[in-house]
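I opened the model to look up a few backbone and packing details. My entries follow in the order in which I made them.

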Amino acid sequence: MWCQRLAWLLRGSTGRRWPWLPRGPGPILAAPARCHPTAPPSPLCAWQLHPDHLELRYGSTVMRLDFVWLRDHCRSASCYNAKTKQRSLDTASVDLAIQPQAVRVDEATLFLTWPDGHVTRYGLEWLARNSYEGQKQQVMHPRILWNAEIYQQAQVPSIDCRSFLETDEGLKEFLQNFLLYGIAFVENVTPTKEDTEILAKRISIIRETIYGRMWYFTSDFSRGDTAYTKLALDRHTDTTYFQEPCGIQVFHCLKHEGTGGRTLLVDGFHAAERVLRQAPEHFELLAKVPLKHEYVENMGGCHNHMIGVGPVLNVYPWNNELYLIRYNNYDRAVFNTVPHDVVRRWYRAHRALTAELRRPDNELWVKLKPGKVLFVDNWRVLHGREAFTGYRQLCGCYLTRDDVLNTARLLGLQA
């Protein structure tokens, strides 16, 4: 079953990074192979040719590299533009039955000579890192899972606005916190929509949506959404009704003259990890069954009908790393994407995840105030709100996830 291939037995709920995949024993090569025709066998590498692929052991990684793949990824000057980092080789021109005429491996490099005389060279470290076998042992996005106690004990610092805007060090510290925890704060921001926009543009292009570029709202029910009221909001992720939900959300409370209104934050990945440990069949179903989410609005001049489709939990198939949770009971549309014999099982799985998301010890409550801006990873952290009284102004925006991760990578972070 698919769930039996869920190799990420994640570390416990103690704030450690995850998911580190266990490394099972690799297959043994049929016979010792030389790393060089004239050199004795090396303990670091061994290789063996098969009709359609090369089996290569380097360190603890055993790779099975298809010959077409090896020809397609050649990094020679005629096949790859090192300046633009783009492939020049026409992949469709490679013979699917191609085989190398000669293969040689030394302590650091694989050499392949193809039938037309072209020579391809690969560093063994590069192959170990970029092969399927190497990738399934790596984490795309290192994270620290948290509940309220874990996050509070970590004492994650807020970043001063000036340091965030004017120094790479401040920006890098902010992004590192955001990548690890899925939330991050900037303090001492002038409480205006304009200054909040300047802050957001420091790390990303602002994503314009049906709500505009920078949104600004009070509890005036000016839009067909519960957020534009004084009512409490249960934990949820935003824009589940987009085909690609918005990646990051920015909140800045500009004014509140009243009581209540605290913001609720819950690490959805922490809750999903607990479901995986306790009932992997529930996790499997939540990651397989596609749902429709829908937003229908006819208020004043706003007329929208949005539909997004996707499972509640989204994982990378090669290493089963969770990368997106799509959870919003308000906007979930009619559940008609599976036959009747799956329906009740899905509801049980959804109930198990909801129970974890609603555990009181998973709830981090934050009182937003003027000058304190909150950034939320909308693909991971659910947010909500307690009911409030009085006059409350909020502004914010959505950010494009690709641009935030781009900024992080340019500063040397894994993202």
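I first went to N320, which I found in the loop between β20 (313-315) and β21 (322-325); helices (H or I, at least four residues) and strands (E, at least two) are DSSP runs, numbered from the N terminus. I noted that the phi of N320 is near 60°, a positive value in a residue other than glycine. Most residues other than glycine have a negative phi. N320 is buried, with a relative accessible area of 9%, where buried means under 20% relative accessible area, exposed over 50% and partly exposed in between, with a 1.4 Å probe and protein chains only.

For my own record, this is a predicted model, in which local features need pLDDT of at least 70 and side-chain atom pairs count only at pLDDT 80 or more, while totals for chains, interfaces and linings use all residues. Residues are numbered from 1 along each chain as its sequence is written, and side-chain values use heavy atoms, with hydrogens and water left out.

I then looked up N188, which is not a glycine and yet has a positive phi of about 65°. I located N188 in the loop between β12 (183-187) and α7 (193-201), and at 57% relative accessibility N188 counts as exposed.

Next I asked how much of helix α8 (residues 268-278) is buried. Nine of its eleven residues are, so α8 is largely enclosed by the rest of the structure; the buried ones are G268, F269, H270, A271, A272, E273, R274, V275 and L276. At the start of α8, I found a side-chain oxygen of D267 within 3.1 Å of the backbone nitrogen of F269.

In helix α9 (residues 280-288), I listed H282, F283, E284, L285, L286 and A287 as buried. Their cover includes α8, β20 and α10 (340-357), with contact taken as heavy atoms within 4.5 Å.

Last, I turned to helix α6 (residues 168-181) and helix α11 (residues 401-410), which pack at an angle of about 125° with their axes 10 Å apart; the axes are lines fitted to C-alpha atoms over the stretch in contact, and angles run from 0 to 180 degrees between N-to-C directions. α6 and α11 are therefore oblique to each other, since angles under 35 degrees count as roughly parallel, over 145 as roughly antiparallel, 65 to 115 as roughly perpendicular and the rest as oblique. I wrote down that L171, L175, F178 and L179 in α6 meet V404, L405, T407 and A408 in α11.

Technical notes:
A polar contact is a pair of N or O atoms within 3.5 Å; within protein, one must be able to donate a hydrogen and the other to accept it, and residues adjacent in sequence count only if both atoms are side-chain atoms.
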